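Subject: Structure handover

Hello,

Here is the structure for your files. My notes follow below it.

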Amino acid sequence: QLTPSSFLRIGQLSNVDLNEDIHELETELPRQRPNEIPHNEKLLSLKYESLDYDNSENQLFLEEERRINHAAFRTVEIKRWVICAMIGILTGLVACFIDIVVENLAGLKYRVVKDNIDKFTAKGGLSFSLLLWATLNASVVMVGSVIVAFIEPVAAGSGIPQIKCYLNGVKIPHVVRLKTLVIKVCGVILSVVGGLAVGKEGPMIHSGSVIAAGISQGRSTSLKRDFKIFEYFRRDTEKRDFVSAGAAAGVSAAFGAPVGGVLFSLEEGASFWNQFLTWRIFFASMISTFTLNSVLSVYHGNAWDLSSPGLINFGRFDSEKMGYTIQEIPIFIFMGVVGGILGALFNALNYWLTMFRIRYIHRPCLQVVEAMLVAAVTATVGFVMIYCSRDCQPIQGSSVAYPLQLFCADGEYNSMATAFFNTPEKSVVNLFHDPPGSYNPMTLGMFTLMYFFLACWTYGLTVSAGVFIPSLLIGAAWGRLFGISLSYLTKGSIWADPGKYALMGAAAQLGGIVRMTLSLTVIMMEATGNVTYGFPIMLVLMTAKIVGDYFVEGLYDMHIQLQSVPFLHWEAPVTSHSLTAREVMSTPVTCLRRIERVGTVVDILSDTSSNHNGFPVVESNPDTTQVAGLRGLILRSQLIVLLKHKVFVERANLNLVQRRLKLKDFRDAYPRFPPIQSIHVSQDERDCMIDLSEFMNPSPYTVPQEASLPRVFKLFRALGLRHLVVVDNRNEVVGMVTRKDLARYRLGKEGLEELSLAQT
């Protein structure tokens, strides 16, 4: 129950906390009530690790690569194609499963409520119908919210921000686990059936990514099963490429837009891109669309008619009836401006709401209660709107799935009910394709207003749900309203067909909320099956993005920022040329010698205060006093595998041959390397020596300390590095640049600002 005063309070809260210094916050912590978590968006969290896109080219790796001949490389390439095909097939099947289950459960719910309403309209007592509808919604959403809040919180929301972070190179915990996939799919089904203002399209992207990560590793750590296939792909480089293919397959299953999927993972995701990758991703997207298409065609009973390429089908737009003329282009641009402003308003409201949620609604039980409240309120609002609406349309010739009669004459139905009493996907298609005159302007205006706030309140709940469809629905409603008012103004001239304006409004609203340009244009073109609208859709989306960016950033970027993720954009901040690597880097660096005491290594790894993940290896000459030059870089995970396999020799006989580790030993430990606490090293073993020369990466990337920040940033971002060593002119290690050091600098309102680092 958010009263206006509490909204103002949220606004003041965020203003107060943002302007306060962090030190003041820390001194106030003990006096605060424990049920409020102070959250500040000018922080970067240190709990996120980085992915390593760069292969460690140590001797083991080079030996293995040299052993592989041309034929073996070809089999690896074939395996990649096979994996992409499997990703496509499985993503398509998951999409089919979601679609069929949602259709049946939602149909059942709407039939029950419709019979109930028809029964009570005759004899009075409609409040029982309202109670039934609200209770059904709240109970279904309760189940969907409980599994997310208590079992796997990462599955909340649409999952697109998390996948963006993963492809950017940030390791979000649990994001590509099997458990997440199961919870995600069940949660989406329950939240759509529960009648929330959500879509099932966004989560498909996350599901596709999880499927891709799972298949490409050839094993499931959740099920403790190792299938001993695809072992070559057990490293971040390969896994991330497959995850981008999975994200693309998810988009193309959701919208029936394979090219849009490829462009989505290019625009939102991958920082590293090559020709073959594009081709494989496209292959995965096509397979996923085709799988969905064939299975749904068989399910609908016409096996040879491949007519449903995606989960949402906007229906055909005929070019003959729906062409546009040159004088409409300014109108479209104006719609883009409106979409940008409304999108910015949506994002700003959602920002305040999310800050409020992070601070106060952080207990799982509270989150479930909030989700149930939203579900009940959504049903109530829908019911009241249908009850108060006097907009009646004749039933014959209209394609309404569940026509509610209520107080209309016989043979007529309530047209507000087509918008509220339906899954959002169907409502969008109705708004696009119903003939002119199916909707009263008053109905559309009220619907837009209410649905805008409902959708804004719903995004960020602890349920799995996408924001694509609700924003399309809001946009289609005000776009259709716009079209109707245009035909009033022009005295019903032929070109003001409301369906066309509904499409442009939907594009403008979605572009204003998520700010995607390239992929969204192509997705809309592919989903409507019409190239004619390519140009106006592009204009609308560009305008919406430019206008919206003037106020706030896109919804996904905003949520990434609110989670304090160290996200690296394409370019360094524009004004950062004055900074050099010396000012950015972390010092002092913990270095290891090439032949090091085991005890030293264990102590360094066990030190919780530093918790570094990469250690420069320097030349070990004990007699000289000066620091020796850089010889290589070794990772925490590699050191842990070495200690686990006890690869060390005693002091006296340094020339003994140790047991050779294979690269396979490192791959088997990936991705969950055991913590250092679980590895037991006895007192005698602590005095042994460990030789790092064949395990360290002998050629790490380095920069001189005079390099400017944009140069360091470019190197780091383009190669997908995790560690960048800073050296002086004698090749001695002076510092280390990691993702957090670069993500700290951001362009704020007053120019370049530096964020603080926080442990939480």
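Val-146 counts as partly exposed, because its relative accessibility is 30% (buried means under 20% relative accessible area, exposed over 50%, partly exposed in between; 1.4 Å probe, protein chains only). This is a predicted model, in which local features need pLDDT of at least 70 and side-chain atom pairs count only at pLDDT 80 or more, while totals for chains, interfaces and linings use all residues. Residues are numbered from 1 along each chain as its sequence is written, and side-chain values use heavy atoms, with hydrogens and water left out.

Val-146 sits in helix H5 (residues 127-150). Helices (H or I, at least four residues) and strands (E, at least two) are DSSP runs, numbered from the N terminus. Together with Met-142, Val-143, Phe-150 and Ile-151, Val-146 makes a nonpolar surface patch of about 400 Å². Patch members have over 30% relative accessible area and no salt bridge; nonpolar side chains (Val, Leu, Ile, Met, Phe, Trp, Tyr) are joined within 5 Å, like charges within 9 Å. A salt bridge is a side-chain nitrogen of Lys or Arg within 4 Å of a carboxyl oxygen of Asp or Glu. Accessible areas come from the Shrake-Rupley method with a 1.4 Å probe; for residues, only the protein chains shown count as cover.

**The other sites**

Thr-458 belongs to helix H16 (residues 441-458). Thr-458 is buried, at 3% relative accessible area. Its side chain reaches the backbone oxygen of Leu-454 at 2.5 Å. Leaving aside residues up to four places away in sequence, Thr-458 touches Leu-196, Ala-197, Val-198 and Val-374 (contact means heavy atoms within 4.5 Å).

Arg-711 lies in helix H27 (residues 709-719). Arg-711 is exposed, with 63% relative accessible area. Thr-580 is 131 residues away along the chain, yet the two C-alpha atoms are separated by 9.0 Å.

Strand S11 (residues 630-635) has 5 of its 6 residues buried, so it is largely enclosed by the rest of the structure. S11 pairs with strand S10 (residues 614-618) in the antiparallel sense, over 5 bridges (pairing needs at least two DSSP bridges). Leu-630 in S11 stands opposite Val-618.

**Whole protein**

- There are 28 helices and 18 strands.
- Of the 760 residues, 57% are buried.
- Among contacts between residues at least 6 apart in sequence, 77% join residues at least 24 apart.
- The protein exposes about 32300 Å², with carbon and sulfur atoms supplying 62% of it.

Best wishes

Definitions and conventions: A polar contact is a pair of N or O atoms within 3.5 Å; within protein, one must be able to donate a hydrogen and the other to accept it, and residues adjacent in sequence count only if both atoms are side-chain atoms.
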